[in-house]
Amino acid sequence: MDQFFFTYVWPALIIVGQSLLLLVALLLFIAYILLADRKIWAAVQMRRGPNVVGPWGLFQSFADLLKFVLKEPVIPASANKGVFLLAPLVAVTLALATWAVIPLNAGWVIANINVGILYVFAISSLEVYGIIMGGWASNSKYPFLGALRSAAQMVSYEVSIGFVIVTVLLTVGSLNLSDIVMAQNTGLGTKLGLPPSLLDWNWLALFPVFIIFFISALAETNRPPFDLPEAESELVAGFMVEYGSTPYMMFMLGEYSAIVLMCALTTILFLGGWLPPVDVWFLNWVPGVIWFILKASMVFFMFGLVKAFVPRYRYDQLMRLGWKVFLPLSLFFLIVTAFVLKLTGWA
Amino acid sequence: MGLQALFFYLFAFIAIASAFMVISARNPVHSVLFLILTFFNAAGLFLLTGAEFLAMILLVVYVGAVAVLFLFVVMMLDVDFAALRTKALEYAPIGGLIGIILALELIFVIGGSTISPEIAKKAAVPIPALTERSNTQALGDVLYTHYIYFFQIAGLVLLVAMIGAIVLTLKHRTNVKRQNISAQVARTPETAVTIVKVKPGQGI
């Protein structure tokens, strides 16, 4: 009995406990990221943003949650019921599943697998299914058009994201996310003879690729200016037209979880993960997870500003940008990086 | 090992059940969705055998790209599958014949083939331990070091197929207004605006 407990139950309990802890922290973070998104948007337009629920509107997201959960879910009569309800579940489950491999600090990761970055890439390429299923199952024109658009968009930008990831992997030499962060301890700055600092991180050495990744991440997560799947001026609300109450909230949750994931991924790939910006004792003393959250929040701040500043792209321009600009550019930088690494012997 | 066995039975059972549902589901879109579930569980089985790279590539390539296109086509096609199904039995003898021929060919090929000594020598290279060479690196060794020419030729075949598809479908339409973004960006006030002094009461 003892042996059964320690081989079957105990490992499962540990994994469940860790996952719950991460999920609760993540959902809290997403609640405040949502608020931050609205506040940033409001600030750019010189409004106050949500400020009624709680001090400075701090509980707005929880009020929204209550509103969504207490509403009645409406399923269209001609909808494909099973797929219609499955779609938001797929979207949210996949978006949250990716977090299993994201390291928040040295050793703070639920599954420290060798192919971590591939896992993230694979799962985020599956997220398109939530949208296609939702659009198709609604059995209505606007959702279907939105689903087709978004599927084409996500598949297109995955290609350039893939090449960007390969470029980073070339400089690191490992697919493990923790290794990718630790490899940024020494980089361009140390090669130039400077002490370990933020100049070592990949953003400087791979600056053009960093920009491509940032813009592709916006397109991959359907953020403005690439939010064509839900372009309200043309498609009402895209694939979400027929959804309301809890299923709608799950789509939103999945979307924001994917956005926060892209922020975390940018932090890991380009901004040195949990490493402090300068190697000084009082900065080293700050826990790594604080640095990680700070950097991810900073990337999200950029996401929020882009949403407020940039007008929406036209669909053909979006496709052109993905296939005719980012794909050749990222391929070019991949080859350049490979040659530089080979010729200088840094690899 | 305990949890692994549990997950093996879970993945295997779901894979077989959903593979059955692929051929028995009435709605073709449901069939494709079950096919995706089958792929997903196959990736899980790969993961359990330690082939982590293959598992992830299966997800990225088959589920993330090929199955999406497949789903697209099935959703867009307006085919009456119910009518097709009623005629399916008429074609059963021909289908069965083709199946038997293929099975016989496979048996002949597998039974009659021998491994050439050169490849046998390469295959006999001892497999390094997982601690010093990870799954991904070992696959890279095979593909990019031992069999680089075959790998490149496979890529060329795909390139030819791609160019062929583009050539077949490319149409140069002349009655379309195309956007030239570099020309738009290069416009300056000098090239875009002309200032005209209009005399009162005359117009331009």
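Please keep in mind throughout that the model before us is predicted.

Let me begin with the aromatic rings. Over all chains, the count comes to 19 aromatic pairs. One of them joins A:Phe84 and A:Tyr243, and this pair is stacked, with 4.2 Å from centre to centre and 0° between the planes. Where do these two residues lie in chain A? A:Phe84 belongs to helix 3, residues 81-97, while A:Tyr243 sits in the loop between helix 11 (232-235) and helix 12 (245-270), so the pair ties together parts that are 159 residues apart in sequence. Are the two partners buried or exposed? A:Phe84 has a relative accessible area of 1% and is buried. A:Tyr243 is buried as well, at 7%.

I now turn to the surface of chain A. A nonpolar patch is formed there by A:Val24, A:Leu28, A:Tyr32, A:Trp56, A:Leu58, A:Phe59 and A:Phe62, which together have about 680 Å² of accessible area. Which element gives the most to this patch? The answer is helix 1, residues 2-44, with 3 residues. A:Leu58, by contrast, is found in the loop between helix 1 and helix 2 (60-70). Its relative accessibility is 30%, so A:Leu58 counts as partly exposed.

Next, please look at helix 6 of chain A, residues 141-172. Its 32 residues reach 46 Å from the first C-alpha to the last, close to the 46 Å expected at 1.5 Å a residue. Just after this helix, A:Gly173 takes a positive phi of about 85°.

Finally, chain B. This chain has 10 helices and 0 strands. Buried residues account for 16% of its 204 residues. Chain B exposes about 16,200 Å², and carbon and sulfur atoms supply 72% of that area. Of the contacts in chain B between residues at least 6 apart in sequence, 57% join residues at least 24 apart.

Terms used
Residues numbered from 1 in each chain as written. Chains lettered and ligands numbered in written order. Predicted model: local features only at pLDDT ≥ 70, side-chain atom pairs only at ≥ 80, totals over all residues. Heavy atoms only, no water. Helix = DSSP H or I, 4+ residues; strand = E, 2+ residues; numbered from the N terminus. Expected span 1.5 Å × (residues − 1). Patch = residues over 30% accessible without salt bridge, like charges linked within 9 Å, V, L, I, M, F, W, Y side chains within 5 Å. Areas by Shrake-Rupley, 256 points an atom, 1.4 Å probe, with all protein chains shown as cover. Salt bridge = Lys/Arg side-chain N within 4 Å of Asp/Glu carboxyl O. Buried < 20%, exposed > 50% of the residue type's maximum accessible area, 1.4 Å probe, protein only. Contact = heavy atoms within 4.5 Å. Phe/Tyr/Trp six-rings, centres within 6.5 Å; stacked < 30°, edge-to-face > 60°.
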